[in-house]
Amino acid sequence: MKPNPLRDPRDRRIPRLAGPCVLVLFGVTGDLASKKLLPAIYDLANRGLLPPGFSLVGFARRDWTDADFAHVTHDAVKSHARTPFREDVWNQLAEGIRFVPGEFGDDAAFDHLAQTVAALDAERGTGGNYAFYLSIPPNAFPLVVQQLKRSGLSQPADWQPAGQPADWRALDQPWRRVVIEKPFGHDLASAQELNSMLDAVFPPHAVFRIDHYLGKETVQNLLAMRFSNTLFEPIWNRGYVDHVQITMAEDIGIGGRAGYYDGIGAARDVIQNHLIQLLALTAMEEPLSFAAESLRAEKEKVLAAVQIPADIAAGTARGQYSAGWQGGIEVRGFLEEEGIPADSATETFAALRLTIDNRRWAGVPFYLRTGKRLPTRMTEIAVMFQRAPHLPFDATDTRELGQNALVIRVQPDEGITLRFGSKVPGSAMEVRDVNMDFAYGESFTESSPEAYERLLLDVLIGDPPLFPRQEEVELSWKILDPIEEFWADHDKPEQYPAGTAGPESAHALVARDGRSWRRL
C-alpha cells in the first residue's frame with residue numbers, strides 16, 4: 001500500500017489507520033477470542049481505525065454459516081466491547097464477516113479458506129493482505145502453519161525473499177503476517193524448534209509474537225516516563241536504586257485451565273514472558289529511536305546481561321496454593337482442582353532474585369514474583385530507592401518513614417505513585433511517608449485502549465516494536481531453563497493457603513538481603 005503523499009509521517013496527531021486487509025482468526029470458539037479479540041476488533045472499527053473494507057474470517061471445527069459466526073461475534077461484542085455499541089459500525093463490520101468450518105488437518109478446509117479470502121479481495125478490495133491469528137494450543141502451530149504454506153496462503157504468489165533489494169518490503173505488494181500467542185515453546189530447545197518451523201514459511205518480519213502485557217498503556221508509559229523527562233533518568237541506576245520489585249498477583253485459581261496449566265506452572269506462564277519483558281523495559285538503556293530495531297536491540301542487551309542466582313535454592317521460591325479463604329469464600333487447593341493430579345509438582349507461585357551484570361545495574365537485585373490465589377489482583381513495577389545516608393531527626397520522629405519508591409501500576413488501576421517522606425503538620429518534627437499519585441482515569445478524558453486493540457492494530461499496520469523477536473524469546477528461556485531444571489530435581493513446591501501472600505520461602509528470599517516484599 002502506497003503512503004498518503006498528503007500526510008507528514010512526523011505528524012502524530014493523525015491516528016494510525018490500518019489499510020485494506022483480512023484478519024483470519026483461528027480458535028474463534030475460545031475465551032480469548034470471545035472476551036478479547038472479537039471485542040477489540042469492534043472497538044478498533046468503532047474508533048475509526050479500520051478501513052471500510054476490513055474483513056474477518058473465522059476458522060473452527062463448527063458447523064456454522066457466515067451468519068452463525070456473525071451472531072457469535074455480535075454477542076461477544078455486546079458483552080465485552082469497551083466502546084458503545086453502534087448499529088452502523090456493526091453493520092459495516094458484519095458485511096465482511098465470513099466463516100470457514102474445518103479441522104487443522106483438513107486440506108479441503110484450507111483450500112476453502114484460500115477461496116474465501118480471494119473472494120473477499122474481489123468483493124471488498126482487501127488487496128491480498130492477510131493476517132493469520134493463531135489463538136490455538138501451541139501444539140497445533142506447526143500443522144496450521146504448514147497448511148497455510150500448502151494452500152498458498154502464507155506468501156503472495158510473486159514473493160521472492162532471496163536477492164531482493166533492502167527496501168523490497170516497501171514495494172506496493174500484498175503482505176502476509178502471522179500472530180502467535182504465548183507460550184513461545186516450553187524451553188529453549190522447543191522455542192528454537194518453533195522458530196525454525198515459522199522461518200521455513202514466513203520471513204522474520206512477518207512473525208508477530210504477541211504478549212498482551214506489552215500493549216498495556218502503562219507499560220508503554222514506562223518508556224515515556226523514563227526517556228521524555230529529565231526528572232527520573234539521572235537516578236535510574238545503581239547509585240540511587242536499592243532494588244526493583246516486579247509483581248503480577250492474581251486472586252483467582254486456575255479455573256478451567258487445568259489441561260494447559262499442569263506441567264507449565266507460574267514461571268513458564270508468566271515470568272518467562274510477561275515479567276522478564278517488564279524487567280527489560282525497566283532496565284534497558286535509552287534506544288536511538290523507538291523504531292523496532294533500536295528498541296529490541298536495547299532489550300536484548302539487558303536480557304543478555306541478566307544473571308541467575310548462584311545458589312538457586314536460596315535465590316528462588318515456588319509454591320502451590322492449598323485450600324483457604326479468598327474474599328470471604330472458602331476455596332479448594334490446587335491439588336483438589338478438577339483435572340489436576342494429586343501428586344502434581346506444578347507451581348502456582350514463583351519468585352526469583354535476578355541481577356544485571358552491567359554498569360548501570362551492577363549489584364541491584366531485581367525481585368520477580370507471580371502467583372495465583374493471592375490476596376489481590378495487581379501488576380506493578382516498584383523501583384525502591386536507597387535510604388537517605390543521614391537523617392538529622394530523632395529515630396522516633398521517623399518511625400513511619402520507609403524508602404522512597406516509584407511504583408508503576410500496570411493493572412488494574414493504571415497509573416504511577418511516587419512515595420516520599422513529608423513532615424506531619426504540627427509543632428513536632430515528625431516525618432512519615434506520603435504518596436503523590438497519577439491515575440490514567442483521572443488525568444485523561446480518553447480511556448486507555450485495551451491491550452489487544454493496540455496490538456491488533458500494530459499487526460494490521462505492520463508496526464513491530466511491541467512484539468518480542470526470537471532473540472528475546474531465546475534469551476528469556478536461557479534465564480529460566482536452569483531454574484526449571486533445578487526445580488525439577490528437587491522437592492515439590494511449598495504449600496501456601498489461598499488468600500495469603502505466598503509461601504514462606506518467598507519471604508525468606510528477600511529477607512536474606514534485609515528487604516521485604518511490598519504488601520499485596
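Reader: I've got this predicted model open. Which residues does Tyr-367 touch, leaving out those up to four places away in sequence?

Author: Leaving out those sequence neighbors, Tyr-367 is in contact with His-243, Val-244, Gln-245, Ile-246, Leu-352, Arg-353, Leu-509, Val-510, Asp-513, Arg-515 and Trp-517. Keep in mind that we're reading a predicted model here.

Reader: And where does Tyr-367 sit in the fold?

Author: Look for strand β13, which covers residues 366-371; Tyr-367 is part of that strand.

Reader: Is Tyr-367 buried or exposed?

Author: The idea is to look at relative accessible area, and anything under 20% is called buried. Tyr-367 comes out at 0%, so it counts as buried.

Reader: Which side chains make polar contacts with the side chain of Tyr-367?

Author: For this you look for N or O atoms within 3.5 Å of each other. The side chain of Arg-515 makes another, at 3.1 Å. Both Asp-513 and Arg-515 are also on the list of residues that Tyr-367 touches.

Reader: What about Ile-264: how far is its C-alpha from that of Tyr-367?

Author: Those two C-alpha atoms are 21 Å apart, and the residues are separated by 103 positions along the chain.

Reader: Let's turn to holes. How do I find empty space inside a protein?

Author: You roll a probe the size of a water molecule over the atoms, and that shows where space is left empty. In this model, two cavities of 30 Å³ or more turn up.

Reader: What lines the largest cavity?

Author: This cavity has a volume of about 60 Å³. Its lining is made of Leu-214, Val-219, Gln-220, Leu-223, Leu-281, Leu-295, Lys-299, Pro-465 and Leu-466. Two helices, α7 (217-227) and α10 (292-305), each bring at least two of the lining residues, and α7 gives the most, with three. Sorted by class, you get seven nonpolar residues, one polar and one charged.

Reader: And which residues line the second largest cavity?

Author: There you'll find Phe-184, Gln-272, Asn-273, Gln-277, Pro-468, Val-473 and Ser-476, around a volume of about 40 Å³.

Note on methods: Residues are numbered from 1 along each chain as its sequence is written. This is a predicted model: local features need pLDDT of at least 70, side-chain atom pairs count only at pLDDT 80 or more; totals for chains, interfaces and linings use all residues. Side-chain values use heavy atoms; hydrogens and water are left out. Helices (H or I, at least four residues) and strands (E, at least two) are DSSP runs, numbered from the N terminus. Buried means under 20% relative accessible area, exposed over 50%, partly exposed in between (1.4 Å probe, protein chains only). Contact means heavy atoms within 4.5 Å. A polar contact is a pair of N or O atoms within 3.5 Å; within protein, one must be able to donate a hydrogen and the other to accept it, and residues adjacent in sequence count only if both atoms are side-chain atoms. On a 1 Å grid over the protein atoms alone, a cavity is a set of points where a 1.4 Å probe fits but cannot get out, and a pocket is an open set with protein on both sides within 12 Å along at least five of seven lines; lining residues have an atom within 4 Å of a point. Grid points are joined across faces, edges and corners, and a volume is the space filled by probe spheres set on the points. Ala, Val, Leu, Ile, Met, Phe, Trp, Tyr, Cys and Pro count as nonpolar, Asp, Glu, Lys and Arg as charged, and the others, Gly among them, as polar.
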